[in-house]
Amino acid sequence: MTHDLFEPLTLPNGQILPNRIAKAAMEENMAATGQLPGRHLDTLYRTWALGGAGLLITGNVMVHDAAMTGPAGVVLDERSPLDPFRDWAIAAHSGGGRVWMQINHPGRQVKANMPGVAWGPSTNRVNTGRTSALFAEAHAMTAEHIADTVRRFVTTAVLAQETGFDGVEVHAAHGYLLSQFLSPLTNLRTDDWGGSLHNRSRLLLDIVRGIRASVRPDFAVAVKLNSADFQRGGFDSGDAAQVISWLAPLGVDLVELSGGSYESPAMTGNADEATDRRSARTAAREAYFLELATQLVDDSPLPLMVTGGVKRLPVAQEVIDSGVAVVGMATALAYRPDLPSRWRSGAADDVTLPDIRIRDRAVASAASMSRVRHQLRRLGRGATPSPRTSALLAFGADQIREILSRRRYRRWLEHRSVENQSSSLPD
Ligand SMILES: Cc1cc2nc3c(=O)[nH]c(=O)nc-3n(C[C@H](O)[C@H](O)[C@H](O)COP(=O)(O)O)c2cc1C
């Protein structure tokens, strides 16, 4: 049976999404002082809420204050003040859709110039060719680090529930920590967390189990998973099918399928063709991961969401017609936050962007993300998007902004650790 994009969807825990279009996670890099959501994020999410998507998934929120995907990211842990998160959830609910917080730990995928830690399953560094030296050397996590990380994910999920979010999405895709554990290319461990797929999945499964045991039944728990790493010998669609079957009995409500990592940025349509012959064909089909998702959908015990490349109504409907429960869009909603409402009212609007002519795939992917982030900042100021933004200029401006926000983040982290030390001193 096929469904209309605008039909409601009831998830396994009973939560109802008013339609099947989701705003996929986009790290906004717009944290206010204290790595908190603020006025600009509230305005951005109010705009998206009024744009008609049935589900808004926030950009990744960090579970560990010393491990950030970028210096202007939001952190939610037991020391965070909660009112800014409550305001964010209220703003994001102003259109009647559901709102989930994506929660993440970058693991080894952090820049070398970032303060804090670069943990990973093993010591191998991110390999992006000529730009590899930009990334930190990874420290192999101990059993204590792993237990601490499970605890952190659970804490952030519980706080997301307390501050009014309807669910969390655990980020286990795109080469971040949980995806590093899942992939045999990055996980070289020989203990309980390495070797077999079951061992490599242990951290993700423990986190999901821990969250489900600590939140209300009507609070949604979702996972973002790579349908494949798009690297030879990496996590593949057979592995994804197996992991989905292990997640189902743990009370997961939705699995979002994406793909790639910084090393092979398939999620932005820049997969490494040398290592993956499918990329040209799937990119040509616009919805990058639909082909892999359709292989998984028949046997999946869980509703699936597919994100990547969707910018046109017929493609969004094709995703749903293939048996996928939810279609995710990121870039298109940065340029047209009200695209779902427009489609619903019969408009044939879509989003087309100029090609990015940068040969290096990692840089091309980063530049395409900068171009999108530029739109997010505009929306956060209450301005309209500007479709002609140059990717190269946006990328350059992002580099400067990153230097400034790294200084601010470094001061905040130092201040926090001083506070921590003084609060743990004996009276
Ligand atoms: C600026 C930007 C930031 C992103 N941040 C995240 C993130 O925080 N978490 C995540 O899972 N994916 C993130 N993504 C990936 C998107 O969720 C999505 O998987 C990808 O952009 C492909 O979808 P699209 O073609 O609709 O943009 C980001 C993408 C962009 C463009």
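Colleague: Where is asparagine 29 found?

Modeller: Asparagine 29 sits in the loop between β3 (21-23) and α1 (39-50); helices (H or I, at least four residues) and strands (E, at least two) are DSSP runs, numbered from the N terminus. This is a predicted model, where local features need pLDDT of at least 70 and side-chain atom pairs 80 or more, while totals for chains, interfaces and linings use all residues. Residues are numbered from 1 along each chain as its sequence is written, and side-chain values use heavy atoms, leaving out hydrogens and water.

Colleague: Why does asparagine 29 count as partly exposed?

Modeller: Buried means under 20% relative accessible area, exposed over 50%, and partly exposed in between (1.4 Å probe, protein chains only). Asparagine 29 has 22% relative accessibility, so it counts as partly exposed.

Colleague: What is the phi of asparagine 29?

Modeller: Its phi is near 55°, a positive value in a residue other than glycine. Most residues other than glycine have a negative phi. Glutamine 35, in the loop between β3 and α1, has a positive phi of about 55° as well, although it is not a glycine.

Colleague: What makes glutamine 35 count as buried?

Modeller: Its relative accessibility is 1%, so glutamine 35 is buried.

Colleague: And why does aspartate 77 count as buried?

Modeller: Aspartate 77 has 3% relative accessibility, so it is buried too. You will find aspartate 77 in the loop between β6 (74-75) and α2 (83-92). Not counting residues up to four places away in sequence, aspartate 77 touches Val63, Asp65, Leu159 and Arg416, where contact means heavy atoms within 4.5 Å.

Colleague: Which residues around the ligand are the closest?

Modeller: Of the 20 residues that surround the ligand, Ala25, Glu27, Gln102, Gly309 and Thr331 are the closest; a residue is near a molecule if one of its heavy atoms lies within 4 Å of it. Helix α12 (residues 361-380) gives the largest share of this shell, three residues.
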